[in-house]
Amino acid sequence: MRSSRCSAARPRQPRRSELATSLDRGSAVSGSAATPTKSSAPSRLTAWLRDAAPPALVFIGFIALWQIACTFFNVPRFLLPSPYDIAEAWWENQPGLTNSLISTFLAALAGFAGAIVVGMSVALLMSQSKLIERCIFPYAVLLQTIPIVAIAPLIVIWLGAGAPAVIAISFLISLFPIITNTTAGLLSTDHNLVAMFELYNASWWQRMVKLKFPAALPYIMTGLRISSGLAVIGAIVGEFIAGIGGRGGGIGFVITEAAGRLRMPYLFAAALTSSLLGIAIFIMVSYASARFLRHWHESAVRREL
Amino acid sequence: MVVARPDGMRSPSPVPDSEPLIAIDRVGKTYANGTVALEEISFDVHEGQFVSLVGPSGCGKSTLLRMVAGLGPITAGKILVEGLPPRRARQEKADTAFVFQDANLMPWRTVMGNVELPLELRGIGKTERRATVMQALETVGLADVTKAYPRELSGGMRMRVSLARALAAHPRLLLMDEPFGALDEITRQRLNGELLRLCALANWTVVFVTHNVFEAVYLSTRILVMSARPGRIIAEVPVPLPHPRVPEIRTDPEFTRVVREVVTLLGSAAETAEEE
C-alpha cells in the first residue's frame with residue numbers, strides 16, 4: 001500500500017519527434033491521412049473474446065485447482081475455505097454484503113471526490129510560482145509519510161466513529177498522488193505553446209483552461225487512477241478503525257467482524273467483494289481517462305501498423 | 001523597391017521616409033549568465049517586404065525574432081513595431097502572428113479547434129469564428145480534414161494547419177521561426193510556394209528565420225546575413241528576382257548568383273567565429 005502510494009508515476013508526454021516520425025511525412029495530399037480506410041476490422045465480439053478469454057481461462061483454472069486441492073486434502077474450513085464454501089457464504093449473506101458494499105463505495109467516492117477537489121486546488125496553487133511550491137510541497141510530502149494508521153485514532157477522536165472519519169481517512173490516503181501528478185502536469189506544458197498563448201494575448205484564465213489543464217490531463221488521469229484504488233483501501237482501513245456495525249457497516253467492518261469470529265468463508269467473501277469494488281472504481285477511472293485522451297495521447301491511442 | 005505581386009497588385013513601395021513596420025535600433029541581448037547572444041543589430045522592415053534572417057545555428061536569430069514578438073526582454077537598444085514597443089504593439093494592435101519551428105499545434109484539439117484558437121482568445125463568437133476558419137482552411141487546402149487531430153496528419157499538413165492558424169488571425173506582420181526546418185525537401189519546396197501565394201493574397205509583411213540559403217533566396221526580397229554568436233548583421237543581400245516566383249526560378253543564373261553570395265558571406269562568418 002505504502003509503496004504504491006509513493007509511485008506518482010509520470011505518464012509519457014507525446015514527444016513531437018515521435019509523433020512526426022510515425023507519420024507519412026512527405027504526403028501532403030489532403031484527406032488521405034485523416035480517414036484511414038478500415039479493411040476487414042474484426043467484429044466487436046471477436047475482439048472482446050480475444051481480450052477477455054485468456055484471463056478468464058486462468059481464473060477458471062485457478063478456482064478449479066483450489067477446489068480440487070481443498071476437497072482432495074480435506075483442508076479445514078477455518079484455515080482455507082474452498083471456493084464453493086466462499087460462494088455459499090457470499091450467497092447467504094448477500095443482502096448484508098450488498099449494503100456494506102454500497103456504504104464503503106459511497107465513503108470511498110466521497111473521499112476520492114474530496115481528494116480531487118483539494119488535490120487539484122493545491123496543485124493549481126503550487127503551479128503558480130516556485131515560491132509557493134517550495135512553501136507547500138514539503139508539507140504535502142510530510143502528509144504522505146505519516147502512516148495513516150498512526151493518525152487514524154486521532155481522526156476518530158475528532159470526528160467520532162462512523163462515516164465522517166472513514167471518509168476523512170479515505171481522503172487523506174488518496175490526496176498525495178493527485179497533488180504530485182497534477183502539479184507535474186501543470187508545470188510541463190510545452191513552452192512553445194505557452195509562448196503562443198502569450199503572443200495571442202491570452203488571459204490567465206484562458207491559459208489555465210485552454211492550455212495548462214488540457215495539457216496536464218494525461219498526468220492528472222495517472223494520478224486519479226492511482227488515487228482511486230487508494231481511496232477504496234482508505235475507506236476499508238478507515239472502517240477497520242472507525243467503522244460502526246449494524247446496517248451501515250461497510251466492508252471493512254464486515255472483515256474485522258468475520259475475522260474475530262473465525263468465519264473464514266464469510267471473510268473471504270467480504271475480501272473478494274472489496275477487491276471487486278476497487279476494480280470497479282479503477283475501471284471507471286480508466287474508462288474516463290481513455291475517453292478524454294483517446295484522440296491525442298499516446299497512452300490511449302490505438303495504433304494501426 | 002517596387003515588387004509586382006502575383007495577383008497583379010503592387011506591394012506598397014516603402015517611401016524612403018515612411019515609417020517602417022519594424023524598426024530595430026542597435027539591439028543587443030545579454031543573458032543573465034553573461035552570454036552575449038546579440039550585438040548592435042539594426043535594420044528596418046517596411047510594409048509588404050519579405051525579409052529573411054540567415055545565420056549559423058546558435059547565432060541568436062530566433063531570439064531576435066522572439067524579441068520582435070515581445071517575448072523576452074531586450075537588454076540593449078530598442079525595437080519598435082508599428083511605432084510601439086513590441087509587447088504593447090502586440091497587446092494594442094494584435095496583428096502579429098508567429099509561426100513556430102514546428103507546427104506547434106495542441107494535440108488535444110482538432111484542426112478546426114487549433115486554427116480558431118487566436119480568434120477564440122480574442123473573444124470572437126463561434127459562428128463568426130467558424131466562417132473565418134473555414135476560409136483559412138480552404139486557402140491552405142485543408143477544408144476536408146477539419147475534424148482530424150494533429151497526430152493523424154503528416155508533417156506537411158500540420159505545418160499548413162499552422163499557416164492557416166496564422167492566416168485566420170488576419171495579421172499584418174508574420175514572424176516565422178524556421179517553420180519548415182523539420183520537413184523533407186519536397187514538402188518544403190511545395191510549402192515555400194504556398195507561403196508566397198498566401199503572402200500575396202493576405203499582403204503579409206514577413207520576417208523569416210532560416211538556415212537554408214535556397215529557401216531564403218527563393219522567398220525573400222531581402223536577406224540579412226548574421227554572424228555566429230554574438231550575432232551581428234554582417235551583410236544585407238537584396239534579391240532582385242521577379243515576382244511571382246515560379247519553382248523553375250531555382251535554376252535561374254541570377255538565383256544561383258544570389259545563393260553563392262549568401263553562402264560566401266556565411267562561410268566568412270563561420271571562419272571568423274572559428275578564429276575567435
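**Surface and interior**

Author: Let's start outside: A:Ile102, A:Leu106, A:Leu109 and A:Met284 make up a nonpolar patch on the surface, with about 350 Å² of accessible area together. This is a predicted model, where local features need pLDDT of at least 70, side-chain atom pairs count only at pLDDT 80 or more, and totals for chains, interfaces and linings use all residues. Residues are numbered from 1 along each chain as its sequence is written, chains are lettered from A and ligands numbered from 1 in the order in which they are written, and side-chain values use heavy atoms, with hydrogens and water left out.

Reader: Which helix gives the largest share of the nonpolar patch?

Author: Helix α5 of chain A (residues 94–126), with three residues. Helices (H or I, at least four residues) and strands (E, at least two) are DSSP runs, numbered from the N terminus.

Reader: Is A:Leu109 partly exposed or exposed?

Author: Buried means under 20% relative accessible area, exposed over 50%, and partly exposed in between (1.4 Å probe, protein chains only). A:Leu109 has 31%, so it's partly exposed. B:Ile186, in helix α7 of chain B, counts as exposed because it has 61% relative accessibility.

Reader: And how do I read a strand's two faces?

Author: In a regular strand the side chains alternate between the two faces of the sheet. Take strand β8 of chain B (residues 222–226): B:Arg222, B:Leu224 and B:Met226 on one side and B:Ile223 and B:Val225 on the other are all buried. Five of its five residues are buried, so β8(B) is largely enclosed by the rest of the structure.

Reader: Which strands pair with β8(B)?

Author: Pairing takes at least two DSSP bridges between two strands. β3(B) runs parallel to β8(B) with four bridges, and β9(B) runs antiparallel to β8(B) with five. B:Leu224 sits opposite B:Glu236 in β9(B), and six residues lie between β8(B) and β9(B) in their hairpin.

Methods. Patches are made of residues with over 30% relative accessible area and no salt bridge: like charges are joined within 9 Å, nonpolar side chains (Val, Leu, Ile, Met, Phe, Trp, Tyr) within 5 Å. Accessible areas come from the Shrake-Rupley method with a 1.4 Å probe; for residues, only the protein chains shown count as cover. A salt bridge is a side-chain nitrogen of Lys or Arg within 4 Å of a carboxyl oxygen of Asp or Glu.
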